[in-house]
Number of protein chains: 2
Amino acid sequence: MNTNPLLSNTLSHWDGQVRRMTAVFDSFTDEEMYVQVAPGRNRIIYILGHMTAAHDMLLPLLGLGERKYPNLDEFFITHPDSPDTALPMPGELRSYWRDVNAAVSAAFREVPLAGWLERHTMVTPEEFEKEPHRNRFNVLLSRLSHISYHLGQLALVNK
Amino acid sequence: MNTNPLLSNTLSHWDGQVRRMTAVFDSFTDEEMYVQVAPGRNRIIYILGHMTAAHDMLLPLLGLGERKYPNLDEFFITHPDSPDTALPMPGELRSYWRDVNAAVSAAFREVPLAGWLERHTMVTPEEFEKEPHRNRFNVLLSRLSHISYHLGQLALVNK
């Protein structure tokens, strides 16, 4: 559907970055998921849940559907990580991560070129008139950067 | 010159991410530049030099000009960081970083839309025929991800 070359390049880059991140999460055992990326910083499992919630949010933000796992926000968005907090199990989160990304990637393919230039659902028509860069494509670029931001942190963990 | 909205969005995102990274480097004193982002990992100054060299390389890679600071590669590309290695001074590197990014950002604006879909200089015409995604726009996306990768690491330093 997306024959625009800039758009198809960007969507391929998205899929590649999600695959890369999945491979990183898969490289850690369930036990290793409780290691912090740096002293006093987020645990790997927190980043997994945080990324899953962030990608799940793309569905309503881009007007592509309902959240699949809104229950994750309390653990991974609203509150920072703390070693004392009980979190959902690694196996459960790994499965949510795959499920959410499959849904997001499929939904991306259904958006026509013009749709990427429309406002996202957190911008009012009035705001969008003044700030036309606050479109869906910009959300995609911003979430792409978000993947790499946490990939860089995961790369610091000694294996 | 770039009136294509996907391209202008991407170039604005580039400038925004470079500004964000510059603000992070500027938030550290010259002394703090020698702090490691995590135990045994790169020092901040190494990341500054590494990013400068990587962005400088974009000029020949995209066919936009000659390298400005090829001498950086020996310190920041060829060799990993080591606390024993003497590096160029922070003030010098901060100035190179600004200079390189100004040149890259200006050069990006001169590339027409069709130019972004052409092969980059490390791909042969034969390879490009088989792998048309190895174009300049893809290099831009990949270097955008590279910025965020190291931004995520810099965010781990206690201020």
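In this predicted model, chain A and chain B bury about 2600 Å² between them, and carbon and sulfur atoms account for 63% of that area. On the side of chain A, the residues that lose the most area to chain B are A:Leu6, A:Tyr149 and A:Leu156, which together make up 25% of what that side buries.

The contact draws 31 residues from chain A and 31 residues from chain B. Across the interface there are 13 residue pairs in polar contact, with both residues at pLDDT 80 or more, whereas zero salt bridges are found between chain A and chain B. Two helices of chain A, α1 (5–26) and α7 (136–154), each supply at least two residues of the side that touches chain B, and α7(A) gives the most, with 10 residues. By residue class, the side of chain A that touches chain B divides as follows.

| Class | Residues of chain A touching chain B |
|---|---|
| nonpolar | 15 residues |
| polar | 14 residues |
| charged | two residues |

Turning to symmetry, chain A is superposed on chain B by a rotation of 180° with 0.0 Å of shift along its axis, at an RMSD of 0.0 Å. The two copies are therefore related as by a two-fold rotation axis. Among the residues of chain A, A:Tyr149 comes closest to the rotation axis, with its C-alpha at 2.2 Å. Because 100% of the interface residues of chain A are also interface residues in chain B, the copies meet through the same surface.

Terms used
Residues numbered from 1 in each chain as written. Chains lettered and ligands numbered in written order. Predicted model: local features only at pLDDT ≥ 70, side-chain atom pairs only at ≥ 80, totals over all residues. Heavy atoms only, no water. Least-squares fit on C-alpha atoms with pLDDT ≥ 70 in both. Contact = heavy atoms within 4.5 Å. Buried area = accessible area lost by both parts, 1.4 Å probe. Salt bridge = Lys/Arg side-chain N within 4 Å of Asp/Glu carboxyl O. Polar contact = N/O pair within 3.5 Å; in protein donor to acceptor, adjacent residues only side chain to side chain. Helix = DSSP H or I, 4+ residues; strand = E, 2+ residues; numbered from the N terminus. Nonpolar A, V, L, I, M, F, W, Y, C, P; charged D, E, K, R; others polar.
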